[in-house]
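Take a look at the chain below before reading on.

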Amino acid sequence: MKLKKTLTIAGSDTSGGAGIQADLKTFQEHGTYGMTALTVVVTMDPDNNWSHNVYSLPVDILKAQIKTALSTGIDAIKTGMLSTEEVIQTAGEAIAESGLDHVVIDPVMVCKGEDEVLNPGTVDAMVTYLLPKAEIITPNLFEAGQLAGMKTPSTIEQMKTVAEKLHSLGPRNVVIKGGKQLQHDKAADLFYDGKTFTLLEAEKTDTHYNHGAGCTFAASITANLANGMDVKEAVVEAKEFVTAAIAHGWRLNEYVGPVMHGAKTKFGAPEITITEV
Ligand code: PXL
């Protein structure tokens with residue numbers, strides 16, 4: 001049996017819920033063969049309230065990893081945490097050279113609970129090197145506002161305006177994750193393909209145990225594209241996958257609760273409502 005190959009260019013979340021760990025677990029659940037190119041290693045300090053430390057890998061090591069993976073004939077690629085402008089440029093150029101269509105850009109800017117943008121120049125670098133190559137980008141509300149150069153949206157109407165601006169920057173599709181900040185009674189994400197706005201809604205789960213949800217959502221889309229789904233189908237399945245993962249989020253320790261990446265496979269798909277808005 002020949003598996004589709006998915007590559008993540010992202011950071012290692014030592015705690016296992018987000019980053020390449022989330023991506024690999026999600027790729028596995030979707031029946032694709034996952035590969036990795038590591039950008040950074042993130043550790044958490046148990047003696048200092050689980051505060052994050054980010055250790056960047058040298059760019060030549062990143063380039064060697066990407067070369068290794070791409071030489072095997074990758075079907076879809078995803079980017080996650082990219083620490084510097086140089087790293088973003090490296091990823092963008094490698095993606096361009098690969099000629100791949102299935103490119104999912106998750107423009108990770110901060111980890112949950114951390115409030116500093118990794119490095120301000122990275123926003124401009126993402127706009128220059130990554131957005132034009134993307135089949136889809138998957139920002140949260142904050143990242144969407146930063147990339148668009150607009151205020152962080154907090155309503156569906158504002159998300160539509162920001163999505164239009166983001167689409168004009170080159171990605172063929174945009175999905176903005178509503179998350180907890182959105183003023184809405186459902187857990188809602190907005191998908192825009194340049195023509196139609198589609199709202200994906202699920203019941204909200206009242207939980208703090210959602211670490212890794214964003215990575216898991218983008219990795220699901222990546223695997224679905226590799227497996228031949230069209231973009232909208234890929235996003236809808238990813239919404240089911242991550243909604244189940246959040247509903248079964250669990251407590252790792254007093255600081256963090258990761259999503260359960262395998263929850264949809266184990267417990268089935270939750271109900272998602274799909275509406276043109
Ligand atoms: O959830 C964002 C994220 C992405 N990638 C890595 C992370 C985190 C947050 O902890 O550690 C590697």
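Two residues are in contact here when heavy atoms of theirs lie within 4.5 Å. The model is predicted. By that rule, Leu141, Ala144, Gly145, Leu147 and Ala148 of helix α5 meet Met159, Val162, Lys165 and Leu166 of helix α6. Sorted by class, the contact of α5 with α6 holds 7 nonpolar, 1 polar and 1 charged residues.

Two packed helices are described by the angle between their axes and the distance between the axes. For α5, which covers residues 141-148, and α6, the angle is about 50 degrees and the axes are 9 Å apart. Because of that angle, α5 counts as oblique to α6. The crossing of α5 and α6 is left-handed.

Is glycine 170 buried, partly exposed or exposed? Its relative accessible area is 31%, so glycine 170 is partly exposed; the buried class would need a value under 20% and the exposed class one over 50%. Leaving aside residues up to four places away in sequence, glycine 170 touches Leu131, Pro132 and Ala134.

Helix α7 spans residues 213-226 and helix α8 spans residues 231-247. Their axes come within 8 Å and cross at roughly 140 degrees. In this pair, α7 passes α8 in a right-handed crossing. On the α7 side, the contact is made by Ala213, Thr216, Phe217, Ser220, Ile221, Asn224 and Leu225. On the α8 side, the residues include Val231, Ala234, Val235, Ala238, Phe241, Val242 and Ile246, and also Glu237 and Lys239. Taken together, the residues of the contact of α7 with α8 divide into 11 nonpolar, 3 polar and 2 charged.

An α-helix has 3.6 residues a turn, so residues three or four places apart point the same way.

How many of the 17 residues of α8 are buried? The number is 12, and α8 is mostly covered. Among the buried residues are Val236, Thr243, Ala244 and Ala245, together with Glu237 and Lys239. From its first C-alpha to its last, α8 reaches 24 Å, close to the 24 Å expected at 1.5 Å a residue.

Note on methods
Residues numbered from 1 in each chain as written. Predicted model: local features only at pLDDT ≥ 70, side-chain atom pairs only at ≥ 80, totals over all residues. Heavy atoms only, no water. Axes fitted to C-alpha atoms, helices over the stretch in contact; angles between N-to-C directions. Helix = DSSP H or I, 4+ residues; strand = E, 2+ residues; numbered from the N terminus. Left-handed = near helix turned anticlockwise from the far one by under 90°. Nonpolar A, V, L, I, M, F, W, Y, C, P; charged D, E, K, R; others polar. Buried < 20%, exposed > 50% of the residue type's maximum accessible area, 1.4 Å probe, protein only. Parallel < 35°, antiparallel > 145°, perpendicular 65-115°, else oblique. Expected span 1.5 Å × (residues − 1).
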